[in-house]
Structure formats: structure tokens, C-alpha cells
Amino acid sequence: MQKAPPHAVDLSGEAVHWDFREAMSYGDYLRLGDLLACQRPLTAEHDETLFIIIHQASELWIKLCLHEISGAIRQIRAGELGPAFKMMARVARVQANLIQSWEILSTMTPFDYSSFRSALGKSSGFQSYQYRMLEFRLGNKNRQMARVFEAHPQIAAAVSAALSEPSIYDESLALLARRGVAIPEDKLVRDFAEPYIADPRVTDAWRLVYRDAGKHWDLYELAEKLVDVEYRFHLWRYTHMKTVERIVGAKPGTGGTSGVAYLRKALDLRFYPELWDVRTEI
């Protein structure tokens with residue numbers, strides 16, 4: 001029997017499936033034909049493909065984040081924190097990938113981007129409904145942000161649901177209350193579409209958890225998982241802002257915002273203010 005050349009993998013003895021005329025293949029399962037047909041540049045510029053793939057891949061990762069955060073919310077509501085921790089830890093790992101994606105995009109120079117930017121028209125990441133839903137489920141509520149989706153009723157309904165339902169932080173505070181930790185009633189029963197307002201009484205509640213971590217170990221771990229997710233979200237925002245600044249400078253955004261100036265304002269937002277405040281007081 002003829003031996004494989006030394007630079008090739010020896011497949012002798014391997015029961016490789018070669019014929020997929022009547023079986024599902026890897027490409028079939030992942031629908032790669034559809035997925036890889038989604039990259040349709042509007043210009044002949046080389047770097048537009050990079051721009052499209054980075055944003056499409058980010059949307060896939062955000063879809064997974066939404067899936068995991070929605071699952072974690074359900075588990076926290078049910079008082080099952082073990083599965084919630086696994087889901088939140090997975091989100092943190094995905095966020096690391098999202099942060100790294102800006103490093104790849106930053107290889108595109110200002111000249112590269114300006115060569116096809118006009119083809120984008122008014123389209124912008126500001127219009128990412130998945131990102132907005134993720135932000136709402138994490139707890140950063142803003143009714144005005146939902147207006148941009150009104151032209152698409154089905155999407156608008158999904159965004160509105162994420163806006164009006166309790167966030168992962170709202171559910172965490174409700175769990176603390178059920179465990180006997182004092183949480184103000186107006187934090188438990190309120191219009192969840194409204195922005196959360198920090199309350200020193202909630203800071204006191206978290207201080208109780210932190211000071212007796214042995215007694216409240218799973219609540220203590222929940223607090224740290226929340227901080228981890230928000231911390232990485234801020235890193236994602238910061239890296240996004242610096243990448244945009246590097247590529248377009250101070251130009252307005254294609255979606256109508258002030259661009260870098262708008263992104264910089266968002267860096268000051270906090271999802272779980274009492275979890276940051278309590279660190280000063282411990």
C-alpha cells in the first residue's frame with residue numbers, strides 16, 4: 001500500500017464519511033450557504049468586507065448574549081442561581097470577543113473607511129435592535145432609544161418588551177427581598193421602562209451581603225457576576241469609542257449622532273450604581 005507523503009495527514013484506518021448526497025453535512029447544519037452569502041459589499045473597496053464581517057459577527061455574539069442573559073433572568077426569578085452564574089460567566093467570555101473585534105477593525109485606516117463610508121447612507125450601529133435589547137435587559141433603560149425602530153413593528157415590539165420587563169438587576173433586587181434583605185418597595189414595584197435611580201438603601205442592602213459573604217454566598221457571587229458583566233460592557237464601549245475616534249476622528253455618526261462625543265457620554269452611564277457605590281463604603 002502506498003504511504004502518504006510525510007507532509008500529509010495519514011487517513012488510513014479513519015472511517016471518514018465522504019458521501020453527503022443523502023446525509024447532513026457540517027455546511028448543511030450551519031447553513032453556511034446562507035450565512036456566507038450575507039456579505040454583500042456596496043462598493044468595490046477592499047476594506048468594506050472587513051467592516052461588514054466585523055459587524056455581522058458582533059450581531060451573532062450579541063444574539064448569544066441576549067440568549068444567555070434572558071436565561072439568567074429566568075433562573076434568578078426562579079431562585080436558581082447556579083445556572084444563572086454559568087450563563088453570566090459565558091456572557092463575560094463573549095464580551096471579551098466583542099472587545100477584541102474592535103482591535104481587528106482598528107486595522108482599517110481613515111482613508112480605507114472614507115472610501116466606502118458614503119455608501120452606508122444613514123445606517124448605523126445606533127440602529128442595532130439586538131444591542132438595544134441587550135442594554136435594556138442589562139438594566140440601562142431609555143424609552144427614547146426605542147423610537148428608531150418604529151418603522152419595523154415586529155422589531156419595535158421586541159424592543160418594547162425588553163424595555164418594559166424587569167432587567168437582570170431588577171430581578172436580582174427582587175431575589176434579595178425574597179431572601180429577607182431589606183429592599184425599598186418602590187424598587188420592587190415600579191415602571192420598569194423607566195431608568196433605574198440609585199438609592200442609598202439599596203447600597204445598604206448590598207453592604208449587608210458583602211459584609212457577611214459566608215451567610216449570603218450566592219448573593220455575593222451574584223453581585224460579583226453583575227459587576228463583571230457591566231465592567232466588560234464598559235470596556236466594550238470604551239474600545240468602541242477609541243476605535244471610532246481612531247478611524248473617523250470627530251466626524252458626526254452616519255446615524256445622526258455626534259459620533260465620538262456621543263459615545264464618550266455613554267461611558268458615564270452605570271447599570272448597577274449601588275454595586276459600585278458599596279465598594280467605597282466597605
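I started with Ser 70, which is buried, with a relative accessible area of 18%. The cut-off for buried is under 20%, so Ser 70 falls inside it at 18%. I note here that the model is a predicted one. Ser 70 sits in helix H3, which runs over residues 48-77. I then looked for a partner of its side chain and found a polar contact of 3.5 Å between the side chains of Ser 70 and Arg 137.

I followed the contact to Arg 137. Is Arg 137 buried or exposed? I got 14% relative accessibility for Arg 137, so this residue counts as buried. Besides the contact with Ser 70, Arg 137 has a salt bridge with Glu 165, with 3.0 Å between the closest N and O atoms. The two residues are 28 apart and link distant parts of the chain: Arg 137 is in helix H6, and Glu 165 is in the loop between helix H7 (153-164) and H8. Glu 165 has a relative accessibility of 34% and therefore counts as partly exposed.

**Other salt bridges**

I asked how many salt bridges the structure holds. The search returned 20. I wrote down two further pairs.

For Asp 218 and Arg 179, the side chains meet in a salt bridge at 2.7 Å, N to O. Asp 218 belongs to helix H11 and Arg 179 to the loop between H8 and helix H9 (185-188), so this pair ties together parts that are 39 residues apart in sequence. I checked the accessibility of both partners. Asp 218 counts as partly exposed at 25%, and Arg 179 counts as partly exposed at 39%.

For Glu 224 and Arg 279, the side chains form a salt bridge at 2.6 Å, N to O. Glu 224 is in helix H11 and Arg 279 in helix H13, so the pair ties together parts 55 residues apart in sequence. Glu 224 is partly exposed, with a relative accessible area of 32%, and Arg 279 is partly exposed, at 33%. I also found a network in which salt bridges with shared partners join Arg 132, Glu 135 and Arg 237.

**Helix H13 and Pro 273**

I asked which residues of helix H13 (residues 273-281) are buried. I listed Pro 273, Glu 274, Leu 275 and Val 278. The cover over the buried residues of H13 includes helix H8 (168-178), helix H10 (200-211) and helix H11 (217-248).

I took Pro 273 as the residue to look at in detail. Pro 273 is placed in helix H13 and counts as buried, because its relative accessibility is 7%. Setting aside neighbours within four places in sequence, I found Pro 273 in contact with Tyr 196 and Ala 198.

**Cavities**

I searched the whole structure and found two cavities of 30 Å³ or more. The largest cavity holds about 90 Å³ of space. Which helices each supply at least two residues of its lining? I noted H3, helix H4 (81-105), helix H6 (129-138) and H11. The lining includes Ile 62, Cys 65, Gln 95, Tyr 131, Arg 232 and Trp 236. I sorted the lining residues by type and got nine nonpolar, one polar and one charged.

The second largest cavity has a volume of about 30 Å³. Among its lining residues are Gly 139, Lys 141, Asp 170, Arg 190 and Glu 194. Tyr 196, which is in contact with Pro 273, also lines this second largest cavity. The sorting here gave two nonpolar, two polar and four charged residues.

**Arg 31**

My last entry is on backbone angles. Arg 31 has a phi near 55°, which is a positive value in a residue other than glycine. I placed Arg 31 in the loop between helix H1 (26-30) and helix H2 (32-35). Arg 31 has a relative accessible area of 60% and is therefore exposed.

Notes:
Residues are numbered from 1 along each chain as its sequence is written. This is a predicted model: local features need pLDDT of at least 70, side-chain atom pairs count only at pLDDT 80 or more; totals for chains, interfaces and linings use all residues. Side-chain values use heavy atoms; hydrogens and water are left out. Helices (H or I, at least four residues) and strands (E, at least two) are DSSP runs, numbered from the N terminus. Buried means under 20% relative accessible area, exposed over 50%, partly exposed in between (1.4 Å probe, protein chains only). A polar contact is a pair of N or O atoms within 3.5 Å; within protein, one must be able to donate a hydrogen and the other to accept it, and residues adjacent in sequence count only if both atoms are side-chain atoms. Contact means heavy atoms within 4.5 Å. On a 1 Å grid over the protein atoms alone, a cavity is a set of points where a 1.4 Å probe fits but cannot get out, and a pocket is an open set with protein on both sides within 12 Å along at least five of seven lines; lining residues have an atom within 4 Å of a point. Grid points are joined across faces, edges and corners, and a volume is the space filled by probe spheres set on the points. Ala, Val, Leu, Ile, Met, Phe, Trp, Tyr, Cys and Pro count as nonpolar, Asp, Glu, Lys and Arg as charged, and the others, Gly among them, as polar. A salt bridge is a side-chain nitrogen of Lys or Arg within 4 Å of a carboxyl oxygen of Asp or Glu.
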